[in-house]
Amino acid sequence: MYEIYAYPYGNPDAKLLLYRPNDPQALVLSPKLTREVSKGGSLVFTMTRDHAQYDMLQKLSTVVQVRRDGKEIWRGRVLKHEADFYNRRVVYCEGALSYFNDSSITPFNYKGTLRQFLQHLIDAHNDQVKSKMKCFQLGTVTAALGNLVVQFGDADQYGVGEDYGKVWDILDKLVLKVFGGYFYCSFDSSTGLNVLNYCDQAVEAKRQTAQKIEYGRNLLNLSETTDATDLYTRIYPIGNKHTVDTSKWYYKLMWWRDTSKDKHEERWGIMETDAATVAQYLPASGYSYNLQEGWIQNDAAVQKFGIITRIVELDTDSANDTFAAGVQALQQNYAMKTSYVIRAVDFVDAGYDTDRLDFAMYSHIVSTPHSVDAVMLCTKLVEPLEKPAQKEFTFGMTRRTLTDRQVANMGTTNLLQESAYTSEKYHQDMLKRLFAYKSSTDSKLSDISKGLSNAVVKMGDLQNQIDDNITSWFYAGTPTAANEPAKNWTTDTAKKQHIGDLYYDKLTGLGYRWVLDGSTYSWTVIRDTGVAKALADAAAAQAAADGKVRCFGSTPAPPYDVGDIWMQGDDGDILRCQTARQSGSYQAADWVKASKYTDDTAANQAKQDAAEAAKTATNFLEFTPQNGLIVRHDSLPGKRVQILNDGIRVMDGSSMVNIQSNAISITDGAGSCSIRSGGIYFHGIRNNLIYRWQYSTNSSGNPVGGFSSQITNIDLSSYSAVLLVYDSYKGGTWLAGGGTAGKMTAVIPVNGTTYTIMYPWNTPHWRSVTALSNGIMFGDGIERKSGYKGMTILGGWFFDLETPFNDGSSVNNAVCRPLELYGFM
């Protein structure tokens with residue numbers, strides 16, 4: 001079972017239930033989760049206006065979590081939502097990996113292992129975003145990648161490198177594009193941090209599922225994609241710029257005939273690579289090169305695909321380094337990439353005790369008709385949460401790099417698709433919620449009748465049947481000619497009468513059809529998904545309790561049983577048998593309408609009943625075991641009280657107070673906090689850095705200099721309090737050296753009142769601070785000055801610190817200096 005929860009500002013004490021199957025207070029339409037390696041993934045769903053949490057999902061600040069069977073499988077944040085004319089709100093959420101779009105790296109140099117580089121990027125990201133909901137820790141890193149020694153920029157010289165941008169851009173450009181592999185995210189509940197994992201494509205035994213995907217068992221559909229977009233067989237490696245007297249580039253010498261000796265800049269090539277470098281990096285066989293023309297080639301790939309050239313830009317500063325990096329780039333890109341999109345039955349969903357087919361896990365795929373027998377990584381998984389049986393798996397890497405954020409294209413397109421798709425479904429779901437008591441076996445059989453009708457039309461075998469009916473059989477186990485029901489068809493006539501009959505295996509969920517192939521009768525697996533779905537629905541219905549359902553295409557003749565179906569054609573009805581008859585002749589009273597899709601009588605009556613029901617007290621008081629007691633009134637839109645086993649929630653629009661036995665959480669449109677025994681925990685606005693004061697620094701990186709009395713103009717109108725970070729710098733006193741003892745903090749209410757911040761040292765330091773809605777005002781730094789008289793006792797000199805000879809203070813603007821200002825509440 002899938003569930004969706006939301007946490008305003010990542011506050012774990014403010015959990016909101018968005019979706020749970022069959023829960024009328026947690027109904028969303030068309031929830032679909034997409035997970036993909038090296039992408040954040042997405043979650044899309046549609047909320048109706050009467051959803052309890054309709055106003056609670058703040059964009060960018062609400063964490064959304066998807067659970068399967070009680071275990072978290074994905075988390076992200078609300079990115080956008082749009083409402084249509086009927087106030088149906090389509091909500092688009094992006095995954096945690098997208099948080100790396102919120103931080104940036106200025107130009108830098110680096111040399112070290114790739115693992116350390118990833119840790120540096122995570123540290124920089126965490127330092128910038130502050131909010132715990134967006135912070136990461138480094139998880140699994142494949143040793144073959146993590147131990148690589150890499151260099152970005154000119155690490156041996158002063159100055160900055162040429163690489164910069166959003167942290168995600170750095171991960172994509174310098175890690176994925178250069179070294180390959182893939183990223184995927186998880187979550188560490190013990191630390192409350194997102195986890196970044198980086199792996200290559202080598203099969204990991206510990207991440208391989210025991211469940212196979214096999215043709216004839218649980219493989220329903222398979223399509224293969226071969227991508228040659230990035231394939232090349234010969235490259236011209238190009239490094240960084242450097243100064244030369246004479247060009248070495250082949251075409252420049254051919255066309256320009258440049259014989260000048262003037263100094264100019266051009267890029268490194270491989271023309272001056274020495275023999276030792278070639279011997280060290282070029283494989284012993286299968287590769288060739290031409291230093292004069294500047295290319296390296298994969299000969300085996302050329303024989304198969306021909307010469308396909310690319311210019312490859314590399315971060316190298318010598319011919320030897322350019323050659324070595326060029327060989328590596330060619331080895332990574334000479335083959336086409338193959339992926340498989342698969343629909344399969346997950347045996348765990350069918351009740352079997354085995355490993356689940358899952359995202360970022362390896363599975364063994366076996367399909368002899370498709371010539372596939374391989375262990376591959378599930379790189380993408382699309383899960384319609386309402387219909388787990390329709391999960392779609394992608395195995396194999398489809399491309400080397402993937403753009404993370406898709407708001408401009410995928411998000412908008414999905415919105416249009418979801419709006420169109422849910423238009424009719426919306427009304428059906430609303431009627432279902434208001435009139436759950438009207439649901440009955442008749443409505444279920446109506447759906448089954450429609451599905452079987454479509455299935456029979458597709459088969460085209462009905463008119464050829466001797467007995468003019470098709471029977472659907474429901475048993476546990478794979479059907480053969482030697483078990484039920486075929487073992488009872490002992491004559492050729494009997495076997496022929498059952499051609500086209502359907503069989504549903506209750507253990508595997510697979511459907512079969514009884515066919516005549518030459519002179520042999522047998523059961524064959526059904527590949528038509530419409531027929532398969534109709535059988536699955538029928539298997540779950542009461543009508544199938546006796547193991548079979550007949551489907552008649554003309555006036556039925558006995559025998560027929562309760563639950564059998566009669567389809568009267570395009571202009572008629574679908575009828576269901578209500579009275580069994582084993583002999584004699586057809587009786588019209590034995591049959592009743594199962595459905596007539598052009599008849600709106602039932603729907604109109606349902607709407608009328610709904611209007612009457614809305615006038616009752618149940619519109620104001622609702623109770624379910626899952627959601628407890630909910631109190632609300634139409635005259636107070638958006639306001640409600642929810643009483644649960646674990647606490648009481650009071651909600652007004654996007655604000656909520658959640659009272660529990662061990663904590664109280666308060667959430668509004670600007671932040672969230674939890675009050676527990678032992679402390680107050682803030683989520684959201686507190687983490688915003690408002691301002692940082694600039695100072696010169698010494699050789700240790702500590703600020704130096706003074707800060708005189710002044711006003712710093714900052715808009716603080718949205719804050720009730722701010723957190724001030726400050727320090728003191730003090731010269732030597734008596735026999736002690738000067739310096740600073742580190743940073744201190746103080747919470748300053750934004751109310752115009754003047755407060756004093758202090759710093760302990762050999763003598764006290766202090767400064768006045770006043771926070772206003774339009775800025776923060778500081779007085780001068782003050783240092784206490786005291787004089788002491790001493791005396792000699794037994795050869796030692798002593799004085800009493802509690803009784804100074806004189807006492808006073810003086811201005812010292814190097815004490816209590818403001819460093820940073822954060823929003824607090």
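Mentor: What follows is a look at one helix, then a sheet, then the chain. This is a predicted model, in which local features need pLDDT of at least 70 and side-chain atom pairs count only at pLDDT 80 or more, while totals for chains, interfaces and linings use all residues. Residues are numbered from 1 along each chain as its sequence is written, and side-chain values use heavy atoms, with hydrogens and water left out.

Helix H1 covers residues 114-129. Helices (H or I, at least four residues) and strands (E, at least two) are DSSP runs, numbered from the N terminus. The end C-alpha atoms of H1 are 23 Å apart, which agrees with the 22 Å that its 16 residues should span at 1.5 Å a residue; the expected span is 1.5 Å times one less than the number of residues. Buried residues (under 20% relative accessible area, 1.4 Å probe, protein chains only) in H1 are Leu114, Phe117, Leu118, Leu121, Ile122, His125, Asn126 and Val129. An α-helix has 3.6 residues a turn, so residues three or four places apart point the same way. Lys130 follows H1 with a positive phi, near 65°.

Elsewhere, an open sheet has four strands in the order E43-E56-E47-E48, with antiparallel pairing. Its edge strands, E43 (689-692) and E48 (744-749), each pair on one side only; two strands pair if DSSP finds at least two bridges between them. Strands E47 (residues 721-727) and E56 (residues 817-823) are joined by six bridges, and Leu724 stands opposite Leu821 in E56.

The protein chain has twelve helices and 56 strands, and 47% of its 825 residues are buried.

Notes. Buried < 20%, exposed > 50% of the residue type's maximum accessible area, 1.4 Å probe, protein only.
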